[in-house]
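Take a look at the sequence and the model, then read on.

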Amino acid sequence: ENGLSQRQLEKISGVKQPVIARMEKGTSTPQLETILRLLAPLGKTLKVVPIEPATASV
């Protein structure tokens, strides 16, 4: 979305590039702290919202 390379994101977040690469590939399960460290310099955060109940089809 921001057009940043993994190296640029590493510099502004402090999260190492190999960790970012594994997250992008979906081959790791990052800790919440890591996700927040990536989001903060991008001006983003996480929001906890209620799960919508599934509506049953009749």
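## A charged pair in a predicted model

The side chains of Arg-7 and Glu-10 form a salt bridge, with 3.3 Å from N to O. The model is predicted. It holds one salt bridge. Side chains of opposite charge can pair when their charged atoms come close.

Where do Arg-7 and Glu-10 sit in helix H1? They are three residues apart there, so about one helical turn separates them.

How covered is each partner? Arg-7 counts as partly exposed, because its relative accessibility is 49%. Glu-10 counts as buried, because its relative accessibility is 18%; the cut-off for buried is under 20%.

## Accessibility side by side

The table sets these two residues beside two others taken up in this report.

| Residue | Relative accessibility | Class |
|---|---|---|
| Arg-7 | 49% | partly exposed |
| Glu-10 | 18% | buried |
| Val-15 | 4% | buried |
| Leu-46 | 45% | partly exposed |

## A loop residue

Val-15 belongs to the loop between H1 and H2. Is Val-15 buried or exposed? Val-15 counts as buried, since its relative accessibility is 4%.

## A nonpolar patch

Which residues make the nonpolar surface patch of about 270 Å²? Leu-32, Leu-36 and Leu-46 make it. Leu-46 lies in the segment after helix H3, which spans 32–39. Leu-46 counts as partly exposed, because its relative accessibility is 45%. Patch residues need over 30%, so Leu-46 at 45% passes that cut-off.

## The largest pocket

Rolling a probe the size of a water molecule over the atoms shows where empty space is left. The largest pocket has a volume of about 230 Å³. It is lined by 14 residues, and the closest to its centre are Glu-1, Leu-4, Leu-9, Glu-24 and Leu-42.

Which helices each supply at least two residues of this lining? They are helix H1 (6–13), helix H2 (17–25) and H3. The largest share comes from H2, with three residues.

What kinds of residue make up the lining of the largest pocket? Seven are nonpolar, four are polar and three are charged.

Definitions and conventions:
Residues numbered from 1 in each chain as written. Predicted model: local features only at pLDDT ≥ 70, side-chain atom pairs only at ≥ 80, totals over all residues. Heavy atoms only, no water. Patch = residues over 30% accessible without salt bridge, like charges linked within 9 Å, V, L, I, M, F, W, Y side chains within 5 Å. Areas by Shrake-Rupley, 256 points an atom, 1.4 Å probe, with all protein chains shown as cover. Salt bridge = Lys/Arg side-chain N within 4 Å of Asp/Glu carboxyl O. Helix = DSSP H or I, 4+ residues; strand = E, 2+ residues; numbered from the N terminus. Buried < 20%, exposed > 50% of the residue type's maximum accessible area, 1.4 Å probe, protein only. 1 Å grid on protein atoms, 1.4 Å probe; cavity = no way out; pocket = protein on both sides within 12 Å on 5 of 7 lines; lining within 4 Å. Points joined across faces, edges and corners; volume = space filled by probe spheres on them. Nonpolar A, V, L, I, M, F, W, Y, C, P; charged D, E, K, R; others polar.
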